[in-house]
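Student: I would like to go through this structure term by term. Please set each value against its definition and then conclude.

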Amino acid sequence: MGKGFFISKTVGILGIIAGVGALATIIALSVVYSQEKGKNNNQNEEQTTSKPPTTTPIPSNKPWDKYRLPKNLVPETYNVTLWPRLTPDPTTGLYTFLGSSVVDFECVEDTDLILIHSNKLNYTEFENQLARLMSVSSVEAPAIKSSWLQGVTQYLVLELDGTLKKGHKYRLYTEFIGELADDLGGFYRSEYMEDGEKRVMATTQMQPTDARKSFPCFDEPAMKAYFFITLIHDRGTTALSNGKDIETTEINHDGQDLLKTVFERTEKMSTYLLAFIVSDYDSIGNSIDGVEIRIFARRSAIAAGQGQYALNKTGPILKFFEQYYNATYPLPKSDQIAIPDFNAGAMENWGLITYRETALLYDEAFSSNSNKEKIATIIAHELAHMWFGNLVTLRWWNDLWLNEGFASYVEYLGANNAEPEWNVTDLIVLGDIHRVFAIDALASSHPLSSKEEDIQTPAQISELFDAISYSKGASVLRMLSDFLTEDVFQLGLRSYLSAFSFGNAVYTDLWYHLQKAADSSKLELPDTLDNIMNTWVLQMGFPVVTINTGTGSVSQQHFLLDPEAVVTTPSPFNYQWIIPIKWMMTGNMQNPLWLTSKSAMKATQDQWVLANVNMVGYYRVNYDDDNWAKLLDVLQSNHQVRQRMIVNVAQILDDAFNLARAKIISTVQALNTTKYLSNERDYIPWKAALNNLDFFYLMFDRSEVYGPMQDYLVKKVSPLFEYYKQMTDNSSKVPDGHMDQYNQVNAISLACRTGLEECQNLVMTWFQEWMDTDTNRIHPNLRSTVYCNAIAAGGKKEWDFAWSQFIKNDSTAIESDKLRYALSCTKQPWLLNRYLEYTLDPDMIRKQDATATIVDIASNVVGQSLAWDFVRARWSYIFSQYGGGSFSFSNLVNGVTKRFSTEFELQQVRYFFEMTLPQCGFPFVHFVILLLNWFGSHGPP
Ligand code: BES
Ligand code: ZN
């Protein structure tokens with residue numbers, strides 16, 4: 001008996017979907033759709049449902065009111081055809097896409113109900129139902145009794161007349177239409193100008209829960225399946241998806257000449273990694289050991305050679321990870337594409353990675369070294385996911401930290417491999433550890449790991465994409481890999497990946513494989529890996545290790561920025577950690593030790609102790625006064641030793657400032673660590689100092705401390721400014737070294753900020769020359785800071801000039817990003833207010849950049865209160881338009897309030913969010929609580 005035995009002929013034909021058959025119904029749908037305009041904007045309002053719409057969650061035990069899918073149906077293959085329409089419907093003005101889907105699934109437990117995710121899709125009815133059900137094995141499929149869309153939990157619900165039987169396979173067919181909106185989620189559209197014409201493309205962003213916005217699917221990461229994708233698209237456009245295209249044929253429908261591209265079946269994969277793109281992009285490519293590598297971008301960008309850098313680096317990084325994971329790249333191709341409108345930085349869709357334009361395209365004439373490093377790093381990050389995340393996927397979103405933390409750690413290894421001269425691996429200290437320390441030191445932080453049952457709604461899932469998951473995850477994994485040794489770490493990792501290929505795992509599965517590797521390598525650990533790691537993963541925060549070199553005692557305590565904070569979250573380990581300590585005595589490495597309870601680090605009169613060498617441990621260190629004094633002395637007078645411990649110099653600065661904020665040491669002691677800066681030339685310590693001084697600026701730039709602070713800092717930075725001036729022909733060139741290039745920018749921006757006249761004259765002259773001659777001779781590395789300072793010092797003329805350049809440069813995102821930032825630097829309130837208005841007009845500022853621009857404006861001392869008022873006044877609109885995105889929204893709340901330090905400001909925040917939160921179902925409640933808590937700890941300056 002053949003597979004399709006129970007499928008009726010008509011249904012069977014429909015079932016063989018892909019292509020023109022489906023197209024006919026798709027066209028019919030389109031007509032219906034245009035008559036019922038607006039429907040897909042709010043699925044709850046008017047649906048072809050047989051039940052009344054639900055707008056608020058009604059507490060109920062019905063399976064369709066639960067956010068998690070029941071486990072009784074397991075998808076096996078999908079056949080999905082999608083047709084994005086790149087011109088708006090003439091009657092409704094809406095852009096839409098049409099689709100049809102067949103999903104074959106196995107029933108593993110008898111049930112009379114089918115729940116499949118679906119969001120903002122409108123369905124064609126078949127005999128009054130939203131889908132057709134067939135059997136593909138030896139029992140007949142029951143009829144559908146009723147079907148409807150459950151808005152809140154985002155399901156298509158099918159109640160059946162009979163039972164689906166365990167062990168049997170069924171097939172579900174649907175036809176649907178959705179809006180191809182400009183909302184940066186699911187199947188959406190992106191627009192740009194080329195040759196004076198507007199171009200529209202269709203692209204996707206599925207992670208975490210938007211695959212269901214493009215076709216009905218079992219949209220959970222453990223519901224892996226095979227996908228057969230077909231895209232219908234206009235002649236002259238290219239269609240891309242996860243698999244290679246097998247064939248593109250010309251079709252004609254109702255007089256429309258179209259193309260149909262069929263893609264190779266995917267590997268077994270999760271829905272959040274799917275991607276569908278239709279564009280008129282160009283590409284460049286090469287291949288490495290049989291894997292085809294291509295970079296796609298708008299035609300002008302490819303013509304300008306902007307894809308070349310990414311193309312050159314992708315092959316080597318791919319090879320690096322193959323070796324690192326000891327597993328060949330699992331797919332035949334790796335496409336990477338730059339999208340003009342893109343919410344995150346990049347997305348690891350398997351075989352078709354999507355990027356912001358600035359994260360993939362490099363142009364020597366416009367890109368800074370920082371832009372270039374970002375590209376190498378982000379490519380490494382996404383390629384790392386091809387195995388860790390895509391080949392082996394965490395079972396549920398609660399373990400997202402392992403996925404993102406891991407990629408955020410190894411991105412440094414991949415980038416270092418691609419650009420060994422740059423020495424980027426140490427930058428994790430600034431980019432991740434220091435960044436997340438600021439958040440994880442709050443009483444309202446949260447542990448890396450969440451319980452599966454605590455993460456249910458799409459909003460809860462989105463909230464997990466935070467600095468804890470990314471940066472703490474990366475920091476803790478780096479520490480783990482260091483104490484296991486890189487070899488043992490790799491051994492365990494490889495065994496984990498091979499055990500779970502094409503499947504799913506939980507984080508403890510990785511621990512299990514690492515433990516096995518440690519055991520087989522006879523590595524001695526103070527406890528099981530599980531027990532050690534639990535102290536870092538299951539409790540929030542991190543310790544400060546206190547070393548008294550007089551007595552030799554070493555102890556630990558939970559580090560909190562606010563000494564009066566009351567920690568209400570209980571910890572299974574009572575806020576004690578199992579801490580690996582690498583340390584040195586008077587510049588010489590000692591045997592690492594574990595601070596499980598206590599230990600000894602005694603120093604004599606002429607010895608000093610430095611712990612947490614290279615900052616490999618996720619903790620801060622405090623010393624007795626005597627040792628602090630000796631360390632400061634080393635900074636001041638021992639250049640050679642200082643240079644050998646650059647990362648720790650940064651650490652000493654960062655620890656001192658933060659211990660002072662926590663009132664563990666005095667502010668004077670912290671400021672003392674900056675005294676030596678007049679002798680410092682290295683980037684990493686300077687950057688750490690600047691990050692901490694930034695906080696002083698934020699707190700004090702409106703107070704009487706500002707003047708004396710400026711006087712002091714100008715003295716510290718002048719020698720550095722002078723140093724680079726000499727090296728670079730009056731700063732018109734840039735130094736050779738990557739880190740030197742960064743520090744040159746630091747020198748210029750701090751010198752100008754502290755009012756060094758020579759610096760201000762320099763940037764004004766350069767900018768003026770550009771305005772006068774229309775030739776920009778400013779080096780790309782220096783552009784952001786030069787533009788910003790010139791616009792800050794100037795008025796309307798400078799601002800308008802920069803705005804006209806911004807508009808003109810829309811096709812070169814790298815340049816327009818620098819201008820967009822610099823426009824926020826003006827000191828003219830009316831220009832800032834006008835600019836704030838522009839941020840909510842997607843024709844002026846792309847949606848992807850709106851919140852970042854508001855945050856830039858808020859970082860400006862003049863713009864801060866304007867931005868805070870603006871955000872409050874437009875809250876509901878901003879939330880509805882920009883609230884669903886990835887990281888940007890929490891950044892916004894943080895950004896517009898980060899200067900706040902008084903009781904009055906705290907009350908303002910509290911009042912506003914108390915009024916607002918209950919109404920809008922704010923997904924970052926957690927974040928705001930965290931913020932409130934933080935303000936609580938920073939009373940009036
Ligand atoms: N998977 C994420 C992209 C993402 C973020 C999707 C948030 C949905 C919500 C991707 O792998 C990622 O982490 N991108 C980072 C890259 C960076 C850390 C190098 C990004 O977008 O910034
Ligand atoms: Zn990632």
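Tutor: Start with helix α13, residues 529-537, which is mostly covered, with 7 of its 9 residues buried. Helices here are DSSP runs of H or I with at least four residues, strands are runs of E with at least two, and both are numbered from the N terminus. This is a predicted model: local features need pLDDT of at least 70, side-chain atom pairs count only at pLDDT 80 or more, and totals for chains, interfaces and linings use all residues. Residues are numbered from 1 along each chain as its sequence is written, chains are lettered from A and ligands numbered from 1 in the order in which they are written, and side-chain values use heavy atoms, with hydrogens and water left out.

Student: Which residues of α13 are buried?

Tutor: They are Leu-529, Ile-532, Met-533, Asn-534, Thr-535, Trp-536 and Val-537. Buried means under 20% relative accessible area, exposed means over 50%, and partly exposed lies in between, with a 1.4 Å probe and protein chains only.

Student: What covers the buried residues of α13?

Tutor: The cover includes helices α7, α10 and α12 (507-520). It also includes strands β23 (543-548), β25 (579-581) and β28 (593-595). Contact means heavy atoms within 4.5 Å.

Student: Why are α10 and α11 called roughly perpendicular?

Tutor: The axes of α10 (residues 467-484) and α11 (residues 486-500) cross at roughly 110 degrees and come within 5 Å. Axes are lines fitted to C-alpha atoms, for helices over the stretch in contact, and angles run from 0 to 180 degrees between N-to-C directions. Under 35 degrees counts as roughly parallel, over 145 as roughly antiparallel, 65 to 115 as roughly perpendicular and the rest as oblique. Therefore α10 and α11 are roughly perpendicular to each other.

Student: Which residues make the contact of α10 with α11?

Tutor: From α10 come Leu-477, Leu-480, Ser-481 and Leu-484, and from α11 come Glu-486, Val-488 and Phe-489. By class, that contact has 5 nonpolar, 1 polar and 1 charged residues. Ala, Val, Leu, Ile, Met, Phe, Trp, Tyr, Cys and Pro count as nonpolar, Asp, Glu, Lys and Arg as charged, and the others, Gly among them, as polar.

Student: Which residues does the UniProt annotation "binding site" cover?

Tutor: The unreviewed UniProt entry gives His-381, His-385 and Glu-404. They are spread over 24 residues of sequence but cluster in space, with a largest C-alpha distance of 8.8 Å. UniProt positions are in the numbering used here, feature names are shortened, and annotations may be inferred rather than shown by experiment.

Student: Why does His-381 count as buried?

Tutor: His-381 has 7% relative accessibility, so it counts as buried. His-381 is found in α6, residues 369-385. Leaving aside neighbours within four places in sequence, His-381 is in contact with Glu-404, Ala-407, Ser-408, Glu-411 and Tyr-470.

Student: And why does Glu-404 count as buried?

Tutor: Its relative accessibility is 1%, so Glu-404 counts as buried. Glu-404 sits in α7, residues 400-418. Not counting residues up to four places away in sequence, Glu-404 touches Gln-207, Glu-348, His-381, His-385, Phe-465, Ser-469 and Tyr-470.

Student: Where is the cis peptide bond at Pro-208?

Tutor: It joins Gln-207 and Pro-208, with omega about -5 degrees. Pro-208 is in the loop between β10 (197-205) and β11 (226-234).

Student: What makes phi worth a look at Glu-127 and Met-615?

Tutor: Most residues other than glycine have a negative phi, and most peptide bonds are trans. Phi of Glu-127 is positive, near 45 degrees. Met-615 has a positive phi of about 55 degrees, although it is not a glycine.

Student: Are Glu-127 and Met-615 buried or exposed?

Tutor: Glu-127 has 68% relative accessibility, so it counts as exposed. Met-615 has 0%, so it counts as buried. Glu-127 is in the loop between β4 (121-123) and β5 (132-135), and Met-615 is in the loop between β29 and β30.

Student: How do you know that the span of α23 agrees with its number of residues?

Tutor: The expected span is 1.5 Å times one less than the number of residues. For the 13 residues of α23 (796-808) that should be 18 Å, and the end C-alpha atoms are 18 Å apart, so the two agree. The buried residues of α23 pack against α21 (757-773), α22 (780-793), α24 (813-822) and α25 (829-839).
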